[in-house]
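Reader: I've got a structure open on my screen and I'd like to learn how to read it. Could you take me through some features, one at a time?

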Amino acid sequence: MTRELPPTAGLPLHLNDLWPGQAPFAERVAAWLGVPHLQLECSGTAAMVVALRAMHRLRPQRDEVIVPAWTCPLVALAIHRAGLKPRLCDLAVNHFDMDIVQLATLANAKTLAIVPTHIAGRVADVNASLDIAHRAGAYVLEDAAQALGAQQDGRSVGLLGDAGFFSLAVGKGLTLFEGGLLLTRDVVLRDAFGASHDATIKPDRRMDWQRALELIGYTLAYRPSLLPLAYGRPLRKALAAGDPVAAVGDDFGPDIPLHTVSRWRQAVGTRALRRLPAFLEATRAQALPRVSRLRHIAGITAFDDAPGQRGAWPFLLLTLPDQAQRDKALQTLWTAGLGVSRLFIHALPDYGYLRDVVTDAPLPNARDFAARSLTITNSPWLDDATFESICTVLERTVKPSR
């Protein structure tokens, strides 16, 4: 039977998760994370829009938001939807974090927020952003969309900055088939987030039905035997058409849905939440030796936790020595059904549909990272023998730079 592995480790849902019911989903997640309060939104992108609009109402003279130049295109669209301007910071060399020297030059009296980003469940350097932001009078909003369950010094990410948000989209661990959670310790910001939600988010019965059907579809199709149809076929079609942006799902339109989350979807998430801690532990236990194995391949950088960090592991993020070698590896692996993929295809200015949203700039490190990076699923369905076959392809492909 044909099998297809997903590019990320999403928590499979059970049929009994779909029973009718109601449950205080955000409160249950907050109790698990050990945080005082979480605000539920319909997506991580919507959570960002709500947060930025609230921050702008508190500091209306500021209208710029600094983000990494290599990140999800939805970040730029969320800033634009909030009526603000994205400012792009280049990455550090061969790293997903922002270049701190450039970040310090970008932050000024117009800066509303700096957005350090916990990419691939790896924990970003929030302290560096905090120092720069607070000197400039700006907020720090942690983008933890891919890092639900990650910790810094024994506490959830999102607590070090002024605020943070998580995504509950497909493939990021727990999913409601879209959903987001907004977090802050600051009482003034918490009240402002609530007021921003009330002003921005409205019920939408059509979206309730659409997301419900998508959630049922995910429950049924998220398994290796059905993913060839749900994921593999569209992937190969997009790659055959020479459209890697569509292949990884980076082809976003300007519309950002802003609606409430039905009580039934919250109940589904609450039932699945009981299995999430064990799932995260299992994926962590699987990831750590695999990162070590990848690091034994000369020329490959595989990203891991620094001291004090305990990240989430939806997939493994790595870079190869150059684009030619990365592309050669992907030529074999991307369509093989093994869960090897790319994360964000371009630096933000290089997406055609963002040309009116972001300003182009010299961003050599972000463009280099986009050109040399790939991802390997950390799904429990990727067994050790199959992972080793991926490593074998990488060893045959990679010639370390001298």
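Reader: Let's start on the outside. Which residues form a nonpolar patch on the surface?

Author: Keep in mind that this is a predicted model. The patch consists of Leu15, Leu213, Ile216 and Leu220, and together they have about 380 Å² of accessible area. One of them, isoleucine 216, belongs to helix 7, which covers residues 205-221.

Reader: Is isoleucine 216 buried, exposed or partly exposed, and why?

Author: The general idea is that under 20% relative accessible area is buried, over 50% is exposed, and partly exposed is what lies in between. Isoleucine 216 has 33% relative accessibility, so it counts as partly exposed. Alanine 104 is partly exposed too, because its relative accessibility is 39%. You'll find alanine 104 in helix 4, residues 100-106.

Reader: Now the rings. How many aromatic pairs does a search of the whole structure find?

Author: There are 7 of them. To read one, look at the ring centres and the angle between planes; planes over 60 degrees apart count as edge-to-face. Tryptophan 70 and phenylalanine 344 are edge-to-face because their planes are at 65°, with the ring centres 5.2 Å apart.

Reader: Where in the chain do those two sit?

Author: In distant parts, 274 residues apart. Tryptophan 70 is in the loop between strand 2 (64-68) and helix 3 (73-81), while phenylalanine 344 is in the loop between strand 13 (340-341) and helix 13 (364-372). Both residues are buried. Ring pairs also link them with Phe96, Phe303 and Phe369 into a cluster.

Reader: What about charges: which rings have the charged end of an arginine sitting over them?

Author: Here you check how far the charged end is from the ring centre. For arginine 59 over the ring of tyrosine 139, that distance is 3.9 Å. For arginine 122 over the ring of tryptophan 313, the distance is 3.5 Å.

Reader: One last stop, valine 157. Buried or exposed?

Author: Valine 157 is buried, because its relative accessible area is 3%. It lies in the loop between strand 7 (155-156) and strand 8 (163-167).

Reader: And what is valine 157 in contact with, leaving aside neighbours within four places in sequence?

Author: The list includes His118, Val123, Glu142, Phe166 and Leu183. Take leucine 183: it is 26 residues from valine 157 along the chain, and their C-alpha atoms are separated by 9.6 Å.

Definitions and conventions
Residues are numbered from 1 along each chain as its sequence is written. This is a predicted model: local features need pLDDT of at least 70, side-chain atom pairs count only at pLDDT 80 or more; totals for chains, interfaces and linings use all residues. Side-chain values use heavy atoms; hydrogens and water are left out. Patches are made of residues with over 30% relative accessible area and no salt bridge: like charges are joined within 9 Å, nonpolar side chains (Val, Leu, Ile, Met, Phe, Trp, Tyr) within 5 Å. Accessible areas come from the Shrake-Rupley method with a 1.4 Å probe; for residues, only the protein chains shown count as cover. A salt bridge is a side-chain nitrogen of Lys or Arg within 4 Å of a carboxyl oxygen of Asp or Glu. Helices (H or I, at least four residues) and strands (E, at least two) are DSSP runs, numbered from the N terminus. Buried means under 20% relative accessible area, exposed over 50%, partly exposed in between (1.4 Å probe, protein chains only). Rings of Phe, Tyr and Trp (its six-membered ring) pair if their centres lie within 6.5 Å; planes under 30 degrees apart count as stacked, over 60 as edge-to-face and the rest as tilted. A charge sits over a ring if NZ of Lys or CZ of Arg is within 6 Å of the ring centre and within 35 degrees of the ring normal. Contact means heavy atoms within 4.5 Å.
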